[in-house]
Amino acid sequence: MNDNGIYDEIYGKLINIINIIFIAGWGIVTLIEFIIGIFIIQSPDFTNELFKGYFLPYVIAPAGSNLVVIIVTLILLKSKKIQPRIKNYVVITSLFLISLVLALVHHYFLAMLGGFVIPILVSILFLDYKTFTYGNVLSTLGILASTIANMFLTPERERSGNLYTWGSAIIVLLICILVAIIVFLDVQIHRQREKILVQMQSENAKLVKENRADGLTGLQNHTSFYSVLEAKLSKARRDKRGFAIAMLDIDDFKNINDTYGHGVGDDILKYVSDTIVTAIDKCGVPFRYGGDEFAIIFNNPNPEANVAALEVLRKAVADNDSLFLDGTRVSLSIGYYNVKEAQMTSEEIFYRADQALYQAKYNGKNQVYPIY
């Protein structure tokens with residue numbers, strides 16, 4: 001999942017909160033404008049002057065305009081056809097338009113200019129330089145436009161008195177509340193983002209494990225073998241310390257499949273892999289290299305201890321007469337190579353271990369052939 005996917009999921013989880021904030025904010029601003037008109041403005045003609053002089057231009061017009069902006073914004077945010085990055089711009093643009101409408105309509109309140117800090121703060125939430133720049137440019141243009149409107153449209157006498165004082169105080173209070181809400185949203189978005197990233201890492205780790213694990217035996221597979229071998233070789237070069245690998249092959253496995261069927265052959269492969277894990281314990285990492293071949297990368301270069309562990313493994317498999325009803329036994333041929341030259345390539349190391357395996361087969365099978 002890329003950043004678009006992350007933000008798409010975040011919008012999906014927070015869309016209800018965004019809806020509530022937009023609608024509640026619109027309702028609160030409209031209510032305050034209404035209350036100001038009733039309790040603060042003194043008018044002898046309520047039905048005519050107050051309606052035409054205040055409610056129509058200062059309540060109904062801005063409330064209607066902002067409601068349209070909010071409805072369009074919420075529709076766009078819920079749309080699955082719009083990319084998440086574009087939705088970021090939609091949110092910032094809608095907040096700018098709402099701030100611009102309020103600042104122009106109530107231009108006599110200089111404190112309304114503080115509303116343009118909202119698009120900037122919201123743009124920070126998305127952790128994107130282009131989005132942040134866009135929010136800053138819009139807010140700067142809004143402040144310039146509103147300042148010019150204030151200079152030419154507002155008489156000096158209107159910037160005084162109880163209306164101006166109380167109105168400015170209410171505006172500052174609303175801005176503080178909006179900033180607190182944005183900080184809350186910031187925390188929620190980043191929590192959701194971190195949660196999604198953790199889920200992604202977990203899913204990726206699971207996919208990597210599945211891609212590097214053998215489906216039948218559960219051991220790491222051929223791809224993982226070379227990855228671990230390269231890592232072990234790099235560490236050996238840094239530490240100037242050797243290590244060892246072993247290649248194992250089930251003797252006459254084709255005959256087992258031909259005689260008893262592939263289902264029994266799969267059972268034998270699982271049995272051998274379980275026995276390898278038990279015998280090797282923590283002294284090495286086992287792999288299913290492919291077919292009936294297995295590999296072990298030992299953690300240390302102690303040939304005596306490693307070969308002794310391989311002998312225990314070989315004997316455990318060879319002495320088990322309970323695998324088949326007719327008493328047929330399974331045996332392993334094992335080639336062991338002790339890596340001393342860290343400058344060798346992984347292919348050269350594998351070739352040496354494979355040669356040791358070939359020698360074990362050539363010498364009669366069911367044995368460990370070490371090359372020190």
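User: Which residue of β3 does I245 stand opposite?
Analyst: I245 stands opposite I297. Before we go on, this is a predicted model: local features need pLDDT of at least 70, side-chain atom pairs count only at pLDDT 80 or more, and totals for chains, interfaces and linings use all residues. Residues are numbered from 1 along each chain as its sequence is written, and side-chain values use heavy atoms, with hydrogens and water left out.

User: How many bridges join β1 to β3, and in which sense do the strands run?
Analyst: Two strands pair if DSSP finds at least two bridges between them; strands themselves are DSSP runs (E, at least two residues), helices are runs of H or I with at least four, and both are numbered from the N terminus. Here, 6 bridges join β1 to β3, and the two run antiparallel. Another facing pair is A244 and F298. On β4, I245 has Y337 as its bridge partner, and β1 is joined to β4 by 8 bridges, again antiparallel.

User: Over how many bridges does β2 pair with β3?
Analyst: β2 (residues 284-290) pairs with β3 over 6 bridges in the antiparallel sense, with F287 opposite A295. The two strands form a hairpin that has 2 residues between them, and G291 in the turn has a positive phi of about 60°.

User: Which residues have the most contacts inside the largest nonpolar core?
Analyst: A nonpolar core is a set of buried Ala, Val, Leu, Ile, Met, Phe, Trp, Tyr and Cys residues joined through side-chain atoms within 4.5 Å. The largest one has 27 residues, and L248, I250, I296, L310 and L313 have the most contacts inside it. Elements that each supply at least two of its residues include β1, β3, β4 and α10 (303-318). The largest share, 6 residues, comes from α9. A second, separate core has 19 residues, among them L74 and I92.

User: What is L310 in contact with, leaving aside its neighbours within four places in sequence?
Analyst: Contact means heavy atoms within 4.5 Å. L310 is in contact with A246, I280, I296, F298, I334, Y336 and V368.

User: Which residues of α8 are buried?
Analyst: They are F253, I256 and N257. Seen down the axis of α8, the buried residues fall within an arc of 95° (taken from the directions from the helix axis to the C-beta atoms), so they line one face of the helix. K254, D258 and T259, on the other side, are exposed. β1 and α9 are among what covers the buried residues. Just after α8 comes G261, with a positive phi of about 100°.

User: At what angle do α7 and α11 pack?
Analyst: Axes are lines fitted to C-alpha atoms, for helices over the stretch in contact, and angles run from 0 to 180 degrees between N-to-C directions. α7 (residues 222-239) and α11 (residues 346-362) pack at about 110°, with axes 10 Å apart. That makes α7 roughly perpendicular to α11 (65 to 115 degrees; under 35 is roughly parallel, over 145 roughly antiparallel and the rest oblique). Residues making the contact include F225 and L229 of α7 and I349 and F350 of α11.

How values were computed: Buried < 20%, exposed > 50% of the residue type's maximum accessible area, 1.4 Å probe, protein only.
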